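Please open the structure in your viewer and keep the selection tool at hand. The tour below moves from one selection to the next.

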Amino acid sequence: MAQDIQNIMILTGAGISAESGLATFRGPDGLWEGHRVEEVCTPEAIARNPALVHRFYDERRAKLAEVAPNAAHDALAALDAAWDGDLLIVTQNVDDLHERAGARRLIHMHGQLQSALCAACGVTVPWTASLPPGTPCATCARPALRPDIVFFGEMPYAMDAIDEAVRNADLFVSIGTSGAVYPAAGFVQTARHVGARTLELNLDPSAGSIWFEETRLGPATQLVPDLVRTLLG
Ligand code: APR
């Protein structure tokens with residue numbers, strides 16, 4: 001597979017962090033850490049109940065100290081370090097496991113737990129502690145800092161850079177995502193349109209499996225290192 005591949009784009013979802021102990025969103029009970037996603041991940045939710053939403057992300061931010069990257073994160077970081085062509089990891093995840101594994105060419109399209117966003121002036125700032133509602137922004141002084149999470153209905157980050165990477169890809173790999181949320185779920189169709197190879201690595205078939213040239217089913221900690229070994233020859 002590796003001989004005619006120069007540019008790689010990789011999309012990851014909650015499934016790549018599952019074996020590190022972080023909950024996925026659409027597990028069997030459909031709840032995310034005990035909440036319906038819509039209760040804690042919409043502009044209406046944070047307007048209606050800021051304390052609940054801020055607390056929800058405080059708990060998830062604190063949990064990062066209890067988990068570590070797994071073999072799938074490590075394999076992608078090794079690929080990133082060794083790959084001479086273009087490579088971009090676009091993650092839907094808001095955890096920091098890709099960075100901690102050493103990934104560099106990385107975009108968090110849905111934001112990050114360890115960042116705060118000022119709802120008033122738009123700046124983002126690294127944030128590792130809890131973030132109570134009404135925390136003042138150091139730039140504009142207004143009490144408007146919120147979790148730097150892209151809520152449903154909001155525009156994901158870096159869509160121009162992501163679109164360019166998909167359109168230039170020779171290989172598009174989707175790892176650990178249900179294909180339930182756009183625009184990420186549509187990247188595979190763009191990749192196919194430009195003639196890229198398309199590969200899905202997932203525990204179960206996803207909503208988008210039909211769009212992939214190949215789907216491999218299994219845990220990411222097995223499938224991703226295998227893929228990276230093949231790509232690095
Ligand atoms: N290895 C590989 N895949 C796995 C593993 C594993 N160990 N465990 C679970 N998966 C797969 C599941 O089969 C599922 O298809 O990971 C996927 C997780 O799907 P979701 O829980 O829907 O998570 P994700 O696709 O990342 O959600 C996308 O939805 O709620 C929004 O913004 C949120 O970024 C999130 C987006």
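The stops that follow concern a loop residue and then a sheet with its helix.

This is a predicted model, in which local features need pLDDT of at least 70 and side-chain atom pairs count only at pLDDT 80 or more, while totals for chains, interfaces and linings use all residues. Residues are numbered from 1 along each chain as its sequence is written, and side-chain values use heavy atoms, with hydrogens and water left out.

Select Asn93 to begin, in the loop between β2 (87–91) and α6 (97–101); helices (H or I, at least four residues) and strands (E, at least two) are DSSP runs, numbered from the N terminus. Is Asn93 buried or exposed? Asn93 counts as buried, at 4% relative accessibility, where buried means under 20% relative accessible area (1.4 Å probe, protein chains only). Now show Gly13 and Ala14: the side chain of Asn93 reaches the backbone oxygen of Gly13 at 2.9 Å and the backbone nitrogen of Ala14 at 2.9 Å. Among the residues that Asn93 touches, not counting those up to four places away in sequence, are Ile16, His108 and Gly111; contact means heavy atoms within 4.5 Å.

Next, select the open sheet of 3 strands, whose order is β5-β4-β6 with antiparallel pairing; two strands pair if DSSP finds at least two bridges between them. Because β5 (124–126) and β6 (145–149) stand at the edges, each with a single partner strand, one side of each is left without a neighbour in the sheet. Strand β4 (residues 111–118) is joined to β5 by 3 bridges, and Leu117 stands opposite Thr124 in β5.

Methods
Buried means under 20% relative accessible area, exposed over 50%, partly exposed in between (1.4 Å probe, protein chains only). A polar contact is a pair of N or O atoms within 3.5 Å; within protein, one must be able to donate a hydrogen and the other to accept it, and residues adjacent in sequence count only if both atoms are side-chain atoms.
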